[in-house]
Amino acid sequence: MIFHGIFALISAIAAAITFYIITNDASLKTTNPYFGGAIAFAVTYLIVCVYSVPMLVAHYRKHPQLTAIVVLNIAGGWFFIVWIAALVWAVYKPNQQKSE
């Protein structure tokens, strides 16, 4: 449940950044503002989607450390090496120990 709230928060921040770019970029005001706004929105949306990949992978694989992966991705995912570490961690699922 917390995952959906965090993803919604990231999406809201991306929408706010897009709105800021559209309303404050002088080049968008002199040219076609709708075209520039569409490009800004598409780029921001793409960045958010790629940024969220480790969280989505961990969520859909039902990773036992989902919360830790989400926190790592949000806190340090801006750095490529940390994003890769979060992605590897999300893909790697520890084996359940068999009881004999």
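Tutor: Lys62 is exposed, because its relative accessible area is 66% and the cut-off for exposed is over 50%. Keep in mind that this is a predicted model. Lys62 sits in the loop between H4 and H5, and it comes after H4. Look at its backbone. The phi of Lys62 is positive, about 55°, although Lys62 is not a glycine. Most residues other than glycine have a negative phi.

Now go to the other end. Ser52 lies in the loop between helix H3 (33-51) and H4. Ser52 is buried, because its relative accessible area is 0% and buried means under 20%. A polar atom of the Ser52 side chain is 2.8 Å from the backbone oxygen of Val48.

An α-helix has 3.6 residues a turn, so residues three or four places apart point the same way.

What does H4 pack against? Two helices can be described here, H5 and H6. Two packed helices are described by the angle between their axes and the distance between the axes.

Take H5 (residues 66-76) to begin with. The axes of H4 and H5 come within 9 Å and cross at roughly 175°. Angles over 145 degrees count as roughly antiparallel, so H4 and H5 are roughly antiparallel to each other. H4 brings Pro54, Met55, Ala58 and His59 to this contact, and H5 brings Leu66, Ile69, Val70, Asn73 and Ile74. By class, the contact has seven nonpolar, two polar and no charged residues.

Then H6 (residues 80-91). Its axis and that of H4 are 8 Å apart, at an angle of about 10°. Angles under 35 degrees count as roughly parallel, so H4 and H6 are roughly parallel to each other. Val53, Pro54, Val57 and Ala58 of H4 make this contact with Trp83, Ala86, Leu87, Ala90 and Val91 of H6. By class, this contact has nine nonpolar, no polar and no charged residues.

Terms used:
Residues are numbered from 1 along each chain as its sequence is written. This is a predicted model: local features need pLDDT of at least 70, side-chain atom pairs count only at pLDDT 80 or more; totals for chains, interfaces and linings use all residues. Side-chain values use heavy atoms; hydrogens and water are left out. Helices (H or I, at least four residues) and strands (E, at least two) are DSSP runs, numbered from the N terminus. Axes are lines fitted to C-alpha atoms, for helices over the stretch in contact, and angles run from 0 to 180 degrees between N-to-C directions. Angles under 35 degrees count as roughly parallel, over 145 as roughly antiparallel, 65 to 115 as roughly perpendicular and the rest as oblique. Contact means heavy atoms within 4.5 Å. Ala, Val, Leu, Ile, Met, Phe, Trp, Tyr, Cys and Pro count as nonpolar, Asp, Glu, Lys and Arg as charged, and the others, Gly among them, as polar. Buried means under 20% relative accessible area, exposed over 50%, partly exposed in between (1.4 Å probe, protein chains only). A polar contact is a pair of N or O atoms within 3.5 Å; within protein, one must be able to donate a hydrogen and the other to accept it, and residues adjacent in sequence count only if both atoms are side-chain atoms.
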